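Hello,

Here is the structure I promised to pass on to you.

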Amino acid sequence: MKELFKLSYSKIKEGLGKGDFSSVDLVNSYYDRIDETQSKIKAFLETNREKATNQAKVSDERRKSGKTVSEFDGIPIAIKDNICVSGEITSCSSKILENFRSPYDATVISRLKDKGFIFLPRTNMDEFAMGSSTENSAFQTTTNPFDTTRIPGGSSGGSAAAVSAGMVPIALGSDTGGSIRQPASLCGIWGLKPTYGRISRYGLVAYASSLDQIGPFSNDIQGVVDLFSVLNGRDERDQTTVIGKQFSSANVKQKSWKGVKVGVMSTKNASDWSPSVLKKYEDMKKNLEKEGAILKELDFSVFSYSIPIYYLIATAECSSNLSRFDGIRYGLRVEGSSGKLEDLYVESRSKGFGDEVKRRILLGTFSLSSGYYDAYYGKAQKARVMIRKQYDSFFKEVDVILQPTSPTTAFKIGEKTKDPIQMYLADVLTTSVNLAGVPAISCPAGVDENGLPIGMQLTTSHFEEESLLSFASSLAQLPDTTITLPSQIQ
Amino acid sequence: MDEKQLRAIAGLSKLNINDNEIEGMLGDFSRIVKYVDEIKNLDTSSVGDDEIYGQTMQVLRKDIAENALRREDLAKIAPSYENGYVVVPQVIET
């Protein structure tokens, strides 16, 4: 019973269903693992063993009396610290919200509660989801379970590291420009950014509302499929959720690659990629061709603008969304020396926000300000339409696009903190997906010469999650894609 | 971008930049603005002004009253709460 934390999500679900072990057994195993690894990995901001154990006891009682609420009843899940859970702290890893307790559940949390999942609070993140390494957390830097001198990726680095280290089998993150896929890739696990509007953002603390999506992490593909099936769907509390194409997990099936049209990118201009990532990508292309896939090289030239477009749009939205943190309504309050209201706003925000959040608020305010709006924000909005149209035209030619998720494997802690632009470039292959609103998943794809995980990103057209997840599970059958997680090594 | 401009933007953002932070912030900010300036090289003339709005239809929910926050729950989490009210600093200057 002691080493249940080593099991894949599917084995956990199966074992619980068969009665091989209880939810309390599971929670105990994960908490023992957390006790053993948290001081090195620092994935969690808070670990409330008692609360989770009590939830597990209630779940076990339900199971004993034949009143199990779903096939997921009793499965533990970790939640990123920007998703509201009633009565719990939701700090967004920011000093400004350090003691903020949410008065309500996010829609995703209500949906998970209805199915009997057990909550392990709260995973670390870059402050307000702004970052690619989890080094921007106001409280701690999460490390990569494969090498604790390296970053886990970000902004959902705590959730990704927790799953990778075997502290929990599945977790929720949020993805605005790559914040689920990039850490999933660097930590060797699965991470899905759904179609914009698929999963309710009600109760997700907003960073850039037109780009943010909540999505799942898992140590196997089935966890992603199951969580997506529980979470997706129209929510009256989020008017941007849509009644799109229905999703049925029964339609997610491993398929043959024979005749599948796969869009790929040329690596002629990929000089800043790691050689190991480049080689893996070329190998994957060859393996797909061997399996009968038809590769088509697509023209990604407009995508070279996706980072500037992303930073202009995301920061404009963040400067507006974060204006609510004023020292009056939420969190930290610092009285100015003059006693004037203006000083209270300025002092509270200046003390409460970290450097990267300030940089992004400043850039957003700048691009929206008089005299600059048309040249920056207005231009970026039009460029965003071009990205979306480019994807639309791609999906007339191909069924799915294959790219690496990240141009490099996990970099060293501190390596990119001095240069914000180098850090922004970590998302060079992921941001266009958010700008277009299409779904994409990062899949484990083997390791580099140092044993660090490489991830491959698959992208399909809007609302095509059934085929996206089918392709993802087929990709896992290709040679040299398996990654043994640190939790599974021992 | 100079110090005066950056301080003006900080003022609009309700942020204070200390004298010891200003040099670093100005350097970072200037480089970021220079970087996003790349977007000016992209020809966006094929996109009409009307195309940037309304990609999705937003459906509003029905306006039906329902139970929301209970006072006692709010009292537990509010930083300052007295006699049924959340206490905040004075926000109207006289």
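**The annotated active site**

An unreviewed UniProt entry puts the feature "active site" at Lys80(A), Ser155(A) and Ser179(A). These residues are spread over 100 residues of sequence, yet they cluster in space, with a largest C-alpha distance of 11.1 Å. Please keep in mind that this is a predicted model, and that the UniProt annotations may be inferred rather than shown by experiment.

Where do the annotated residues sit? Lys80(A) belongs to strand 1 of chain A, which covers residues 76–80. Ser155(A) is in the loop that runs between strand 2 (118–123) and helix 5 (157–164) of chain A.

The unreviewed entry also carries the annotation "domain: Amidase", covering residues 25–469 of chain A. That span is 37% helix and 12% strand, and its end C-alpha atoms are 30 Å apart.

**Backbone details in one loop**

Ser155(A) has another feature to look at: a cis peptide bond joins it to Gly154(A), with omega at about 10 degrees. The loop between strand 2 and helix 5 of chain A also holds Phe128(A). Phe128(A) has a positive phi, near 50 degrees, although it is a residue other than glycine. For context, most peptide bonds are trans, and most residues other than glycine have a negative phi.

**The largest pocket**

How much space lies in the largest pocket? The value is about 810 Å³. The pocket is lined by 35 residues, and the closest to its centre are Phe100(A), Pro103(A), Tyr104(A), Arg329(A) and Tyr330(A). By class, the lining has 21 nonpolar, 10 charged and 4 polar residues.

Helix 4 (residues 107–114) and helix 7 (residues 221–231) of chain A have axes that come within 9 Å and cross at roughly 110 degrees. Angles of 65 to 115 degrees count as roughly perpendicular, so helix 4 of chain A is roughly perpendicular to helix 7 of chain A. On the helix 4 side, the contact involves Val108(A), Arg111(A) and Leu112(A), which meet Leu227(A), Val230(A) and Leu231(A) of helix 7. This contact between helix 4 and helix 7 of chain A has 5 nonpolar residues, 1 charged residue and no polar ones.

Best wishes

Definitions and conventions. Residues numbered from 1 in each chain as written. Chains lettered and ligands numbered in written order. Predicted model: local features only at pLDDT ≥ 70, side-chain atom pairs only at ≥ 80, totals over all residues. Heavy atoms only, no water. 1 Å grid on protein atoms, 1.4 Å probe; cavity = no way out; pocket = protein on both sides within 12 Å on 5 of 7 lines; lining within 4 Å. Points joined across faces, edges and corners; volume = space filled by probe spheres on them. Nonpolar A, V, L, I, M, F, W, Y, C, P; charged D, E, K, R; others polar. Axes fitted to C-alpha atoms, helices over the stretch in contact; angles between N-to-C directions. Helix = DSSP H or I, 4+ residues; strand = E, 2+ residues; numbered from the N terminus. Parallel < 35°, antiparallel > 145°, perpendicular 65-115°, else oblique. Contact = heavy atoms within 4.5 Å.
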